[in-house]
Amino acid sequence: MKIKYLLTLILFLTFLNLKAQIFDNTQAHSSIKWQQINTEHLCLIFPQEFAKSAPNLFAQLEYYLQKNSLYSDRKPRKTKIIVQEHNIEQNGFVQLAPRKSELYSTPSGVANNQEWLPNLALHESRHIVQFDNLTGNFKPPILEQLGLTLFALNLPSWYFEGDAVLHETLYSNGGRGRLPSWHMPIRANIQSGLNYDFNKYVHGSFKDIIPSYYSIGYFMNSLMYEKDNQIQDKILKDMRSKIIRPFNFQRSLKKYYGQRASGIFKETMEDLKAKWPIEQEVSLSKSYDFKDKYPTNYWLPQVSNGRIYTLQDSRQHTPRIISFAPNDLKKKEKVLDIGLQIMPYFHLQEQLITWDEYRKDARFAKQTYNVIQVFDLQTGKKKTLTHKSRYYTPIIHPNLQQIACVEVNLHNESSIALLNITNGERMDSIPLPKGIHLQQPQFNTTGDKIIAIGLSEEGSTLLQVDLTTKNTETLLPWLNQQYERPVFHKESIIFKANYNQKDDLFMLQNNAVVQLSNSRFGAFNPTLAGDSIWYNDYTTQGYHIQSMRLESSINKIVSFTPATTLYPKQNDNSEQSMPITDLKNYAIKPYNTLKNAINFHSISLSGSDFESFDNLRPGFFILSNDVLNTTQIKVGYEYDNEIRKNTYSAEVTYQKYFPKFTVGYQNRGQLGKAQINNNKDSLLNFHWRENLITFDMQLPFSIYRGNQVYAFGFNLGTTYQNRYDLSLANLKNFYTELIFPLNYQVYFNRNTRYSRMDLTPRWGQNFSLIYRHVPFDRNQTGSSLAFRSSFYFPGILSNHGIQLRYSIQNKSGRYRYNNDIPLIEGYAFVPVANVKNTLLLDYRLPLLYPDFSLGQLAYFKRIRAVVSAGYLNLEERNYAPQTFGLGVNLDFNIFKYTLPDVSFGAKLTYLNHPQASQKLYPTYGFSYSY
């Protein structure tokens, strides 16, 4: 029990400053003109391009907040909700410190059973209700970060995310709870006899397919809701009254449900086993299994010139298109690497391949795009066809002269764009009926028609677009179906849909729907090659490839009905929301970012990031952050126990425009040592106070290009120090004023993207140049020039990595004892004062993926090792290594916290220097990441 309390205290201190960092601190483009609808209960902030859609979204949010707090004993506090219309990534979040929600509003090509933005707003509004019902008493201007900390410590991720998915399903006609494809991985595990434990479902795995804690959380919350439809709000109310009680959540869970989380998990799995009995698969197809060591997806199989092309998405490699001959699976050939995508996608037409890739503005990370790429198999040439565009799922016209794709403008209006395949120029645009978003288009064989998925507030359907007349035709009734990848087969259409709680392939023929496949877990992504269908079949090892002749399909006529969940109470139509038609006359006004720049919300116990517990300085800081991440203010006090001095500080960061500016002030006590009569063995302590003013300017840039990530930029910094109250009179060479030394840094990094199992980039080149001098101070002389480089190479086996770091520096005057380059391990035990250069080598490799639980304390996912060597002043030591090191790291999660990912490392270093005061140097490290 004492250990539990100690760890809870450590987590409290850590999470207090860190939990907010799981939400990004990036900015939207400085050119955006923000507007708002601001009422007593809600403030919606949005770009001016979204003004036409804002009143409807505002009304939906008001309605969703009301529905989500139906059984709560308190109403939600006013929240600022920001619509990020210029960010095409599909995401959203709610946070405290500062209190806000962000909705990334642009729909993409990812198939759904209802509109993207209303579903997102419904989900995130449930999180607002959760925050207010658990920690709503912790309010600005000083307690919001404490509220966020207590929320994170009290509620596990599976619970609050599963609860939000439950409510998005309850109060809509769609929701993920009605998608068989969403809970398919759990069903596949159950029906395959893979009985993973609760910890594995919560924390995930490197080596096995484990769906996110959202899905297992949804099923556990659903079981609780079936017992009592008010249980979630009762639990939050009970926890709120005892917010610092140990094991608060488990106690409330036991009180209202009668079981702890592990018991509810067991009940949930037993219930799902009863709902999903093991069935015999009706095999109508030929399977292509590559016998991969770890789960691998082979997306979207397509045929050209007798070869199969597929997008390989592996845990050991970043996504790439490969090809193979159907009769020789051992000879896979890599065609090209694929860059970052919102969803896996490519389209093949004869020798041409097209796909879309995700891009971001170099400076403003919330200004993002989707661009079109084309690759010629014959010439091997790749080109980026569009720039700064909002195009999705491109398809090549049968004449190989045009590309059609879906475009979503800044008003969230969809259209079909026809592009010249040579230069990317728009040749034509076909707008869609108001309120309809188009997804996943495909040409017919003559190229005069397109079949696609249509989404609206009514649900989804199949839409046929006549490119000659520009008319659209609805082919199926609007339902809460999740249709995917429709393709023409002569006058018929083959597509994926969910039927009887499972995804399969169907054909629309003569106004009748015919079932073609009867997969065990789910069939997806059909393409045609003659009279054969190539498609993806889901397995517990990923999406694999199968082919089936149309003549051998089951050809069963079916009738689609509205999709339902596995739970009766969630299918009660009285709970589902209706379209909002009565819009109030909301006043839209400009939102002034400068006027709202100051937003004090919390007191923090420290200004550090708790990267180390070696030198914690007790104190407090008052924090201010505006909701658009442009202005940050920190005012505080710290006491340094080691030197018994206090520090008063203030810091302002402004990052709306291209440069990021930080201005800081400190009044601090300092301690030094002086030699008496030049006697090195006789030292005298002295102390003083000083005013320190700092100024930093950063120009950070980063971009994605294919499989490469580039980061580059320029930093400039300077300080002004004024020292006073010196305790030792007549101290020589002590300057009371240090006037504006200048520091410059230029850097350029180029690295390949990580796969999930990678420990380092497979290839990388990183360079940094740092220069320091004192041009304005007559009493100070000297300069420092440092060059640092780092290179990455692939190791012997997959996911092994080699890092080589070479650095060199030249320094003089006041910078004589500064080191701006990385040092060898154990440097403190080596009698080398002037470091000129270093060479550091290490080899990193994974050892095991144990997926092992140490009771309730920790869940271990990976054990990895590092072997290293270090060189110091190479030419002076005849290029002999000064150190050899061997280390082991454990990657794990603590308790039931999904975040942060924690790593504990131990390393033993042997010092090879003949004058080293210590030969063996053990080190231990503790780190975390989000």
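## Cavities

A cavity is a set of grid points where a 1.4 Å probe fits but cannot get out. In this predicted model, a search of the whole structure turns up 4 cavities of 30 Å³ or more. The largest cavity holds about 70 Å³ of space.

The lining of the largest cavity consists of Gln 27, Ala 28, His 29, Ser 30, Ile 32, Trp 34, Thr 593, Leu 628, Thr 630 and Lys 656. By class, this lining has 4 nonpolar, 5 polar and 1 charged residues.

## Gln 367 and its contacts

Two residues of that lining, His 29 and Ile 32, are also touched by Gln 367. Leaving aside residues up to four places away in sequence, Gln 367 touches His 29, Ile 32, His 86, Lys 360 and Asp 361.

Gln 367 sits in the loop between strand E12 (352-360) and strand E13 (368-376). Its relative accessible area is 10%, so Gln 367 is buried, the cut-off for buried being under 20%.

Two packed helices are described by the angle between their axes and the distance between the axes. Helix H6 (residues 180-191) packs against helix H8 (residues 213-227) at an angle of about 90 degrees, and their axes are 10 Å apart. H6 is therefore roughly perpendicular to H8, a term that covers angles of 65 to 115 degrees. On the H6 side the contact is made by Trp 182, His 183 and Ile 186, and on the H8 side by Tyr 214, Ser 215, Ile 216, Tyr 218 and Phe 219. Sorted by class, the contact of H6 with H8 has 6 nonpolar residues, 2 polar residues and no charged residues.

H8 also packs against helix H9 (residues 231-240): the axes of H8 and H9 come within 8 Å and cross at roughly 100 degrees. H8 and H9 are therefore roughly perpendicular to each other. Here H8 contributes Asn 221, Met 224 and Tyr 225, while H9 contributes Ile 231, Gln 232 and Ile 235. The contact of H8 with H9 is made up of 4 nonpolar, 2 polar and no charged residues.

Phe 892 belongs to strand E46 (residues 883-894). Its relative accessibility is 10%, so Phe 892 counts as buried. Not counting residues up to four places away in sequence, Phe 892 touches Ala 858, Tyr 859, Phe 860, Lys 861, Pro 900, Asp 901, Val 902, Ser 903 and Phe 904. Between Phe 892 and Ser 853 there are 39 residues of separation in sequence and 9.4 Å in space, C-alpha to C-alpha.

Leu 153 is part of helix H4 (residues 144-154). At 17% relative accessibility, Leu 153 also counts as buried, because the class takes in values under 20%. Leu 153 and Ser 868 are separated by 715 residues in sequence and by 38 Å in space, C-alpha to C-alpha.

## Cis peptide bonds

Most residues other than glycine have a negative phi, and most peptide bonds are trans. The bond from Leu 899 to Pro 900 is cis, with omega near 0 degrees. Pro 900 lies in the loop between E46 and strand E47 (901-911), and Pro 900 is one of the residues that Phe 892 touches.

A cis peptide bond also joins Ala 97 and Pro 98, where omega is about 0 degrees. The loop that holds Pro 98 runs between strand E4 (92-95) and strand E5 (100-103).

## Positive phi angles

Asn 412 is a residue other than glycine with a positive phi, near 65 degrees. Asn 412 is placed in the loop between strand E16 (402-408) and strand E17 (414-420). With a relative accessibility of 22%, Asn 412 counts as partly exposed.

For Lys 470, phi is near 65 degrees, again a positive value in a residue other than glycine. Lys 470 is found in the loop between strand E21 (459-466) and strand E22 (472-474). Its relative accessibility is 36%, so Lys 470 counts as partly exposed.

Note on methods:
Residues are numbered from 1 along each chain as its sequence is written. This is a predicted model: local features need pLDDT of at least 70, side-chain atom pairs count only at pLDDT 80 or more; totals for chains, interfaces and linings use all residues. Side-chain values use heavy atoms; hydrogens and water are left out. On a 1 Å grid over the protein atoms alone, a cavity is a set of points where a 1.4 Å probe fits but cannot get out, and a pocket is an open set with protein on both sides within 12 Å along at least five of seven lines; lining residues have an atom within 4 Å of a point. Grid points are joined across faces, edges and corners, and a volume is the space filled by probe spheres set on the points. Ala, Val, Leu, Ile, Met, Phe, Trp, Tyr, Cys and Pro count as nonpolar, Asp, Glu, Lys and Arg as charged, and the others, Gly among them, as polar. Helices (H or I, at least four residues) and strands (E, at least two) are DSSP runs, numbered from the N terminus. Buried means under 20% relative accessible area, exposed over 50%, partly exposed in between (1.4 Å probe, protein chains only). Contact means heavy atoms within 4.5 Å. Axes are lines fitted to C-alpha atoms, for helices over the stretch in contact, and angles run from 0 to 180 degrees between N-to-C directions. Angles under 35 degrees count as roughly parallel, over 145 as roughly antiparallel, 65 to 115 as roughly perpendicular and the rest as oblique.
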